Amino acid sequence: MPSKKRNQHVDGSLQALIERRKADSPTFATLYNEEFNKLALARQVRELREKQGLSQTELAERAGTKQPAIARLESGRVVPRLDLLQKIAHALGMQLELRFVKSS
């Protein structure tokens, strides 16, 4: 029976691979962090909407936008404009907080 070759570049941990790639490539690190933050925002909006028992359509109506805009935001496909995030926060009975943090 032929032996299985292991990929020498993967030690079994996806997080370890990502950390190595980030250390090796500042461009990869920047793109990874941007995508991670975009997806974290998308997840937070979806969780807040669902916690209040709202559909995407209902949230869109409250925020003065259309359902596809909410769907795109929640999918992480777009970085929403600040004014849309403010409208969504208001529609959810929340306040938007924007802050700068030191890069790692």
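Modeller: Here are some notes on its helix packing, aromatic rings and pocket.
This is a predicted model, where local features need pLDDT of at least 70 and side-chain atom pairs pLDDT 80 or more, while totals for chains, interfaces and linings use all residues. Residues are numbered from 1 along each chain, and side-chain values use heavy atoms, without hydrogens or water.

Colleague: How do the axes of α3 and α5 cross?

Modeller: They come within 8 Å and cross at roughly 110 degrees (lines fitted to C-alpha atoms over the stretch in contact, angles 0 to 180 degrees between N-to-C directions). α3 and α5 are therefore roughly perpendicular (65 to 115 degrees). α3 covers residues 56–63 and α5 covers 82–91 (helices are DSSP runs of H or I, at least four residues).

Colleague: Which residues in α3 and α5 meet?

Modeller: L59, R62 and A63 of α3 meet K87, I88 and A91 of α5 (heavy atoms within 4.5 Å). That contact has four nonpolar residues, two charged and no polar (Asp, Glu, Lys and Arg are charged; Ala, Val, Leu, Ile, Met, Phe, Trp, Tyr, Cys and Pro nonpolar; the others, Gly among them, polar).

Colleague: New topic. How many aromatic pairs are there?

Modeller: Two (Phe, Tyr or Trp six-membered ring centres within 6.5 Å). One of them, F28 with Y32, is stacked, at 6.1 Å centre to centre and 25 degrees between the planes (stacked is under 30 degrees).

Colleague: How far apart are F28 and Y32 along α2?

Modeller: They are four residues apart in that helix, so about one helical turn separates F28 from Y32. α2 itself spans 26–51.

Conventions: Helices (H or I, at least four residues) and strands (E, at least two) are DSSP runs, numbered from the N terminus. Angles under 35 degrees count as roughly parallel, over 145 as roughly antiparallel, 65 to 115 as roughly perpendicular and the rest as oblique. Rings of Phe, Tyr and Trp (its six-membered ring) pair if their centres lie within 6.5 Å; planes under 30 degrees apart count as stacked, over 60 as edge-to-face and the rest as tilted.
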